[in-house]
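Subject: Structure handover

Hello,

Here is the structure for you to look over. My notes follow below it.

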Amino acid sequence: MPEPNQCDNRGPIERDVQDYLANNLSFALEEELTLIGTEYPVPFGRIDILAKDSRGSLVAIELKLGTATRDAIGQLQSYMGALRGEHPETFIRGILIAASIDPAAEAALIVSRDIQFISYAITFEFTPRLKTASTYAEWEARTKTPTESPIPRSKIWLPPSFQG
């Protein structure tokens, strides 16, 4: 097999999802898979993740952010075909991973052989941990000069040497 190359023209979220999957294949996909490589080169492009399953089959995994279209299925099929040409005695299958799938892609998958679709969801959670910002009014009160102090001068005790 050719040596896998790292290509990093992906966006940060796609890179993070791909890295997570590559490092957690068995956990994320709920089957025993061994990573062969990421951005694995074939004549028609790069396979996002190439793995081997417990039976020795090669598994081409194509990741799409958002909705997968029928073009994604064609892309995955071309990768699988390239692998079959390189490894004619090995069973080749594909996994398409996307947040959702459009109707044309779903129709294509119904008649496609050896391709599984898995959906994913990304959840962002924002939790305040430390309140450091103040309101404008609080800031304004802290930054006023002594003559603009919110406390009247007559209420502030000053030593006699400071009174004037």
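First, a definition: buried means under 20% relative accessible area, exposed means over 50%, and partly exposed is in between (1.4 Å probe, protein chains only). This is a predicted model, in which local features need pLDDT of at least 70 and side-chain atom pairs count only at pLDDT 80 or more, while totals for chains, interfaces and linings use all residues. Residues are numbered from 1 along each chain as its sequence is written, and side-chain values use heavy atoms, with hydrogens and water left out.

Overall make-up

The protein chain has 5 helices and 7 strands. Both are DSSP runs, numbered from the N terminus (helices: H or I, at least four residues; strands: E, at least two). Along the sequence the pattern is α-α-β-β-β-β-α-β-β-α-β-α. Of the 164 residues, 31% are buried. The accessible surface comes to about 11,000 Å², with 54% of it belonging to carbon and sulfur atoms. Those areas come from the Shrake-Rupley method with a 1.4 Å probe; for residues, only the protein chains shown count as cover.

The sheet

An open sheet is formed by 5 strands in the order S1-S2-S3-S5-S7, with mixed pairing. Strands S1 (33-42) and S7 (115-119) stand at the edges with a single partner strand each, so one side of each has no neighbour in the sheet. Two strands pair if DSSP finds at least two bridges between them.

Strand S2 (residues 45-53) runs antiparallel to S3, joined by 4 bridges. Leucine 50 has alanine 60 in S3 as its bridge partner. The S2-S3 hairpin has 4 residues between the strands, and glycine 56 there takes a positive phi near 90 degrees. S3 and S5 pair in the parallel sense over 6 bridges. S5 (residues 92-98) is also parallel to S7, with 5 bridges. Isoleucine 97 pairs with isoleucine 118 in S7.

How enclosed is strand S3 (residues 58-63)? Largely so, because 6 of its 6 residues are buried. In a regular strand the side chains alternate between the two faces of the sheet. In S3, Leu58, Ala60 and Glu62 are buried on one side, and Val59, Ile61 and Leu63 are buried on the other.

Salt bridges

Side chains of opposite charge can pair when their charged atoms come close. The structure holds 4 salt bridges. Each is a side-chain nitrogen of Lys or Arg within 4 Å of a carboxyl oxygen of Asp or Glu.

Look at arginine 93 first. It is buried, at 10% relative accessible area. It stands opposite valine 59. Its salt bridge with glutamate 31 has the closest N and O atoms 2.4 Å apart. That pair links strand S5 to the loop between helix H2 (25-29) and S1, 62 residues apart. Glutamate 31 is partly exposed, at 22%.

Arginine 93 also forms a salt bridge with aspartate 53, closest N and O atoms 3.2 Å apart. Aspartate 53 lies in S2 and arginine 93 in S5, so the pair ties together parts 40 residues apart in sequence. Aspartate 53 is buried, at 7%. Glu31, Asp53, Arg55 and Arg93 are linked in a network of salt bridges.

Lysine 64 forms a salt bridge with glutamate 62, closest N and O atoms 3.2 Å apart. Lysine 64 is partly exposed, at 23% relative accessibility, whereas glutamate 62 is buried, at 2%.

Phenylalanine 124 sits in the loop between S7 and helix H5 (136-143). At 57% relative accessibility, it counts as exposed.

Best wishes
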